[in-house]
Amino acid sequence: MADESVPVREGMKTYSYLLLYIALSSGQIFFNKWVLSSKEINFPYPLGLTLLHMLFSSVLCFVLTKVLKILKVEEGMTLEIYTSSVIPIGAMFAMTLWLGNTAYLYISVAFAQMLKAVMPVAVFILGVAAGLEVMSIRMLLIMSVISFGVLVASYGEININWIGVVYQMGGVVGEALRLIFMEIFVKRKGLKLNPISMMYYVSPCSALCLLIPWIFLEKPKMDAQGTWSFQPLVLILNSLCTFALNLSVFLVIQHTSALTIRVAGVVKDWVVVLLSALLFADTKLTLINIFGYAIAIGGVAAYNNFKLKKEATRATISDGPKSPPMLAASSTKTSTQ
């Protein structure tokens with residue numbers, strides 16, 4: 001009986017982590033929208049909010065790893081790696097959060113989520129340009145399906161605001177660049193960091209990248225309108241939820257697999273779209289919206305399936321029988337040409 005209960009407990013733990021991730025990820029999107037758009041909080045400053053998140057994350061990572069020593073930062077970071085890899089990743093992360101949060105001031109949460117479905121297209125195009133991806137008929141078809149679905153969903157949007165669309169697509173490009181830089185970082189630098197270590201190194205860099213535009217773009221507005229008297233408890237709680245979300249991603253990846261986190265992401269997207277229609281007055285879903293988004297999500301599922309099969313094939317090859325020295329040398333030379 002004791003042996004049979006172990007898999008059950010492990011399964012319950014896995015599902016608990018998944019539900020935690022979906023709840024925190026969905027909740028954080030709604031929380032940010034409420035903080036930025038509600039009259040009660042009166043804090044329409046996406047740069048300031050994102051900067052606060054990064055400062056909070058930097059301090060908390062330092063306390064957890066260096067003061068309390070609950071978590072450990074992986075070693076191997078050098079000045080060359082930091083300047084050539086971490087700074088670009090931090091800059092793109094800052095750009096993604098800034099532009100993505102700004103979009104909530106102009107478009108609904110549901111429509112912003114629909115536009116995010118085009119992410120694989122941006123990642124693939126930039127990956128091909130960087131030499132990390134290879135163009136194929138199958139991938140071209142998948143990218144076309146996703147793009148068509150997003151176009152249909154956009155066509156069905158009643159209150160479309162092109163400023164918000166530009167901000168959201170800018171955030172998508174920033175996230176795609178961040179993922180490309182991350183892949184280059186892992187493949188070419190050979191340094192794999194867990195999410196806590198990555199946040200420890202990236203958060204201060206992102207905060208600095210956000211501080212400079214905040215000083216020139218939002219600080220004068222905050223000074224003029226006297227909105228420094230914001231509600232600190234709400235904003236600290238918002239920052240804490242952001243940090244908890246990053247931790248939940250760490251837990252899900254640690255206890256499940258890449259496929260699980262991607263499937264959970266698709267479920268989260270639908271939860272956000274449907275719940276936003278109930279929670280926010282500016283969200284009015286149409287049948288064309290839902291139809292287009294369903295097409296795009298189908299394309300995203302096909303993309304995830306293709307990528308995971310590709311990764312599984314690579315893993316099988318790398319775990320295969322060892323080649324003789326001469327053959328191993330020749331095969332290595334062929335793969336790098």
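This is a predicted model: local features need pLDDT of at least 70, side-chain atom pairs count only at pLDDT 80 or more; totals for chains, interfaces and linings use all residues.

As for the protein as a whole, the average pLDDT is 82, and 86% of the residues score at least 70.

Now for the cysteines. How many disulfides does a search of the whole structure find? It turns up zero. Take C205: the closest cysteine sulfur belongs to C209 and sits 4.3 Å away, which is too far for a bond, given that a disulfide needs the two sulfur atoms within 2.5 Å.

| Residue | Relative accessible area | Class |
|---|---|---|
| C61 | 1% | buried |
| C205 | 8% | buried |
| I215 | 39% | partly exposed |

I215 is part of helix 8, which covers residues 195-217. I215 also belongs to a nonpolar surface patch, together with L208, L211, I212, F216 and L217. Between them, these patch residues have about 590 Å² of accessible area.

Over to helix 5, residues 119-129: which of its residues are buried? They are M119, P120, V121, A122, V123, F124 and G127. Just after helix 5 comes G131, whose phi is positive, at about 80°.

Notes
Residues are numbered from 1 along each chain as its sequence is written. Side-chain values use heavy atoms; hydrogens and water are left out. Buried means under 20% relative accessible area, exposed over 50%, partly exposed in between (1.4 Å probe, protein chains only). pLDDT is the predictor's confidence in each residue, from 0 to 100. Patches are made of residues with over 30% relative accessible area and no salt bridge: like charges are joined within 9 Å, nonpolar side chains (Val, Leu, Ile, Met, Phe, Trp, Tyr) within 5 Å. Accessible areas come from the Shrake-Rupley method with a 1.4 Å probe; for residues, only the protein chains shown count as cover. A salt bridge is a side-chain nitrogen of Lys or Arg within 4 Å of a carboxyl oxygen of Asp or Glu. Helices (H or I, at least four residues) and strands (E, at least two) are DSSP runs, numbered from the N terminus.
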